Structures are given as structure tokens and as C-alpha cells.
Amino acid sequence: GRVFGIMYDISGQPANTLVATLTNDWSFLVNTMKVTSSPRYQRHRGKPVVAIWGFGFTDRPGTPQDALIVINQFKAAGFTVLGGVPTYWRTLNNDSQTDPAWADVYRAFDIISPWAVGRYGDNPGADGFKQNLIGPDLALTRSLGLDYMPVIFPGFSWHNLFSTSPPNGIPRNAGHFYWRQAYNAVSAGCTMVYGAMFDEMDEGTAMFKLAPTPAELPAQGTFVPLNLDGTNLPSDWYLRLAGAATKMIRGDSAVTAVRPGNP
């Protein structure tokens with residue numbers, strides 16, 4: 001019953017080959033590999049979805065013209081195009097490039113998904129983010145006829161990558177932090193949520209099965225165990241929590257700010 005889709009992250013791509021790399025690779029995947037012909041390929045509003053993450057960020061390559069070429073080519077070929085865009089795509093400041101031409105780029109996507117990892121670090125911060133960004137973003141996308149997919153994350157830590165970094169940069173708080181974000185998105189009126197990330201170890205946002213205690217960590221390297229917050233949790237805790245959040249988003253369970261005790 002699983003589905004899959006393709007997302008391109010343009011980070012580190014040489015600017016002069018960005019357009020050709022994206023369009024040529026997608027052509028290969030669609031025409032030669034025929035990935036979108038699979039009945040398991042993710043579709044939205046009847047069309048296969050392709051996602052592009054990174055256009056418009058201050059530290060990512062590409063001009064507004066490059067971005068529009070790629071987006072419009074994908075859309076013309078019959079695909080739903082999801083944009084992983086800066087947090088401040090709507091106001092063109094902070095993590096977004098400020099050239100007014102980027103406003104047209106963001107609005108050319110079919111689905112807007114602003115990056116949120118690290119933009120807040122606790123429940124009050126998540127609540128403020130909902131009020132100041134998710135609500136206004138959702139209102140604008142609805143007025144433009146676009147879909148909106150906010151990003152939520154379980155916590156954050158550079159410790160897995162840099163042993164000198166704090167081991168619990170943004171505490172997970174046994175899933176209460178993750179659940180608050182899911183609740184905020186649903187209660188704001190969002191019908192889709194992007195969970196960051198399934199297996200991203202370097203930023204400490206991974207949600208796949210994790211070592212519950214230090215005793216189960218690998219001998220090599222430095223890693224953050226699940227009980228760092230002082231709560232003993234099963235290895236698949238965040239997968240189970242994501243499943244419960246999915247039910248809430250779909251309307252299969254009550255919308256509640258209280259994290260499930262045993263998802």
C-alpha cells in the first residue's frame with residue numbers, strides 16, 4: 001500500500017547546469033524508467049507529483065527565470081509541481097531572496113511547502129509560527145487557488161554530525177513538540193503536512209526506528225538516543241506518532257492538542 005514520489009533538492013547544484021540537470025533527469029525518469037506510470041506513484045488532483053526543493057533560498061542556486069523554466073516545463077507535461085520554498089516566501093525576506101521576481105516563481109507552483117525546521121524550538125514558538133506564518137500563508141494560497149503543505153519536525157540536533165554540538169538542540173520532548181505542530185497545522189485548516197524527515201540523521205530530525213537508549217547506539221560515532229529527554233520510548237515511537245497524526249489530518253480521529261499516550 002505504499003506510494004512514492006520524486007523530490008529534487010537543488011542544494012549544491014552548479015547554477016549553469018541547474019535547468020538542464022533537472023529537466024534531463026526528469027525526462028529520463030519519466031520516459032525511460034517510466035516511474036510515473038507506476039500505480040504506486042504519488043498523485044495529486046489526478047496528476048503525478050514532482051517536487052523541487054530549494055528555489056528562492058538565499059543560499060541556493062538558480063535565478064527566477066531558471067525556476068520558471070523548470071516549473072512551467074513540468075506543469076506543461078502534465079505534472080503537479082510541489083515547491084519546497086523558503087519560510088518567508090510570502091514576504092520575500094529572511095531566508096528568501098528579495099528580488100520581486102521570486103514572488104511569481106512561488107506562485108507558479110501547484111503546492112507551496114515552506115521549510116520550517118529550526119525556525120522555532122518549543123511549543124510557544126510553534127504556536128507563534130502558526131499565528132504569524134501558517135495562518136497568513138494558508139489564506140494567501142487559498143486565494144490564489146494553490147495547495148499548502150506546512151512542514152513539521154520532531155526536534156533538531158547537529159550532534160550526530162558534529163560531536164561538539166549540543167546533543168539536544170531542539171528537544172523532542174517525547175513527541176509532544178511534534179504533536180503540537182501537527183495539531184497546529186490541522187487546527188489552522190491545513191489538509192496536508194510534510195514530515196521532516198524520515199531518515200535525516202545529520203540534523204537529528206530522523207523519524208525511522210532509532211536507538212532507545214545509549215546502550216543500543218553504535219560503538220563508532222556520536223548519536224542521540226531516544227531517551228535523551230528522560231523518557232523511555234520504543235524505537236518506532238515517531239513512526240507510530242506520525243501514523244496517529246495522519247489519522248488526525250484525515251479526519252479519522254479527533255483533532256486534539258494532547259499527544260496520544262500510546263499511538
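**A tour of salt bridges and a helix pair**

The structure holds seven salt bridges, a salt bridge being a side-chain nitrogen of Lys or Arg within 4 Å of a carboxyl oxygen of Asp or Glu. The model is predicted, with local features requiring pLDDT of at least 70 and side-chain atom pairs counted only at pLDDT 80 or more, while totals for chains, interfaces and linings use all residues. Residues are numbered from 1 along each chain as its sequence is written, and side-chain values use heavy atoms, with hydrogens and water left out.

**First stop: Lys75 and Asp110**

Please select Lys75 and Asp110, whose side chains form a salt bridge with an N to O distance of 4.0 Å. The pair joins distant parts of the chain, 35 residues apart: Lys75 belongs to helix H2 (residues 64-76), and Asp110 lies in the loop between helix H3 (101-108) and strand S5 (111-114). Helices (H or I, at least four residues) and strands (E, at least two) are DSSP runs, numbered from the N terminus. Lys75 has a relative accessible area of 30% and is partly exposed; buried means under 20%, exposed over 50%, and partly exposed in between, using a 1.4 Å probe and protein chains only. Asp110, at 24%, is also partly exposed.

**Second stop: Arg180 and Asp127**

Select Arg180 and Asp127 next; their closest N and O atoms are 2.7 Å apart in a salt bridge. This pair links distant parts of the chain, with Arg180 in helix H5 (residues 176-188) and Asp127 in helix H4 (residues 123-144), 53 residues apart. Arg180 is partly exposed at 22% relative accessible area, and Asp127 is partly exposed at 27%.

Now display H4 and H5 as a whole. How do their axes cross? The axes come within 10 Å and cross at roughly 25°, the axes being lines fitted to C-alpha atoms over the stretch in contact, with angles from 0 to 180 degrees between N-to-C directions. H4 is therefore roughly parallel to H5, a term for angles under 35 degrees.

To see the contact (heavy atoms within 4.5 Å), select Asn123, Ala126, Asp127, Lys130, Ile134 and Leu138 in H4, which meet His176, Phe177, Arg180, Gln181, Asn184, Ser187 and Ala188 in H5. These residues divide into five nonpolar, five polar and three charged. Ala, Val, Leu, Ile, Met, Phe, Trp, Tyr, Cys and Pro count as nonpolar, Asp, Glu, Lys and Arg as charged, and the others, Gly among them, as polar.

**Last stop: Asp236 and Arg240**

Finally, select Asp236 and Arg240, whose side chains meet in a salt bridge at 3.5 Å, N to O. Asp236 is partly exposed at 23%, and Arg240 is partly exposed at 24%.

Methods
Angles under 35 degrees count as roughly parallel, over 145 as roughly antiparallel, 65 to 115 as roughly perpendicular and the rest as oblique.
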